[in-house]
Amino acid sequence: MIRPQLLSAWAGHWTGDGTGVTVILPPPGTVGSGEVRGGAPATREFALLEPGRLVEQVDAVVLSGGSAFGLAAGDGVATLLRERGRGFPTPFGPVPIVVGMSIFDASVAADPPGPGAGRAAALAALTGQPFLSGTAGAATGATTGKWRGALEPGGLGRATGRAGPATIEAVAVVNAWGDVLDSRGNVINARGNVIDARGHVIDARGLVIDAGGDVLDARGHLIDGRGVVTDGDHVGPGPRRPEVPFGRPMTNTTIAVLLTDAKLSKTDCHLLAQSGHTGFARALHPAHSRYDGDAVVALATGEVDGADLDLLRAAATEVMAAAIRDAVVRPA
């Protein structure tokens, strides 16, 4: 018997050439809200998520590559759900409430995801396909560290926590202009290495490695395997490659979903989404820039009564930060 991949929600990917789609299909009756804090969002149906709007329930959340073009993936999901009788009831039939968020990736220049990709991701979810982390689905073309001229791999991360009787899970697609930070504020990359302020890797042995793979001393001099300085001219503060200050300012966004089994109102979900953004600020630097479309959707499936909203919000911050870190740290 197949089971949902995220608590009681179905989740699946379509992965293409340097881009992809990730779809989350919560159970009927799921309440949702969301918030955008980045300056350059690519979103669908976000106005409906505001607490004062009529619609309270969300039928699907579609995360995609392809920036504004990739939002078309939501059309394929909406059509599939309408075929199955799912959506907001109207005199002319159900209208599925499909929320969309997209990241900017290289598919913008070629073949961004469309309705077929969205439908394929939804069917992958409903048929119980494994829900993978890392460079899968919407995160296939994701990168980080662009504000310092780097292109560190991004990815999709997950984390789960509890707040009293309720469970909360975060799914984050990390394509940030800034860097991902560990719990002590150090920059980390996809190999789990810490990166210092000059862009050099500090590996597990405590050695400083520049962009070319050379070992440096504390002042930025090249050293050989015996610890002898071999390059007297190369002294910090920068890496040996040319730096691109504030590079690639228009190719970013981190998008995320918080899913809880708690019974919450739409206003409660809005507050939960705000706490998800606090998790962004803990695990990304800088977060919420003018060059990012940072957005969070919060969904409450309602199976668990009696959850304390503020404890749940505290847990949301923690699991969101953990999911962002999980997106870039690959298993050894």
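Tyr291 has a relative accessible area of 23%, so it is partly exposed, falling between the 20% and 50% cut-offs. The model is a predicted one. Trp177, at 6% relative accessibility, counts as buried because the limit for that class is under 20%.

**Aromatic rings**

- The count of aromatic pairs comes to 2.
- In the pair of Trp177 and Tyr291, the ring centres are 4.8 Å apart and the planes stand at 65°, so the pair is edge-to-face.
- This pair links distant parts of the chain, 114 residues apart: Trp177 sits in the loop between β10 (166-175) and β11 (179-181), and Tyr291 in the loop between β20 (284-285) and β21 (295-304).
- Trp147, Trp177 and Tyr291 are linked into a cluster by ring pairs.

**Strand β6: burial**

- Strand β6 spans residues 98-102 and is mostly covered, with 5 of its 5 residues buried.
- In a regular strand, side chains alternate between the two faces of the sheet.
- In β6, Val98, Gly100 and Ser102 point one way, while Val99 and Met101 point the other way; all are buried.

**Strand β6: pairing**

- Strand β5 (residues 60-64) runs parallel to β6, and 5 bridges join them.
- Strand β4 (residues 43-44) pairs with β6 in the antiparallel sense, over 2 bridges.
- Here Thr43 stands opposite Met101 in β6.

Note on methods:
Residues numbered from 1 in each chain as written. Predicted model: local features only at pLDDT ≥ 70, side-chain atom pairs only at ≥ 80, totals over all residues. Heavy atoms only, no water. Buried < 20%, exposed > 50% of the residue type's maximum accessible area, 1.4 Å probe, protein only. Helix = DSSP H or I, 4+ residues; strand = E, 2+ residues; numbered from the N terminus. Pairing = 2+ DSSP bridges. Phe/Tyr/Trp six-rings, centres within 6.5 Å; stacked < 30°, edge-to-face > 60°.
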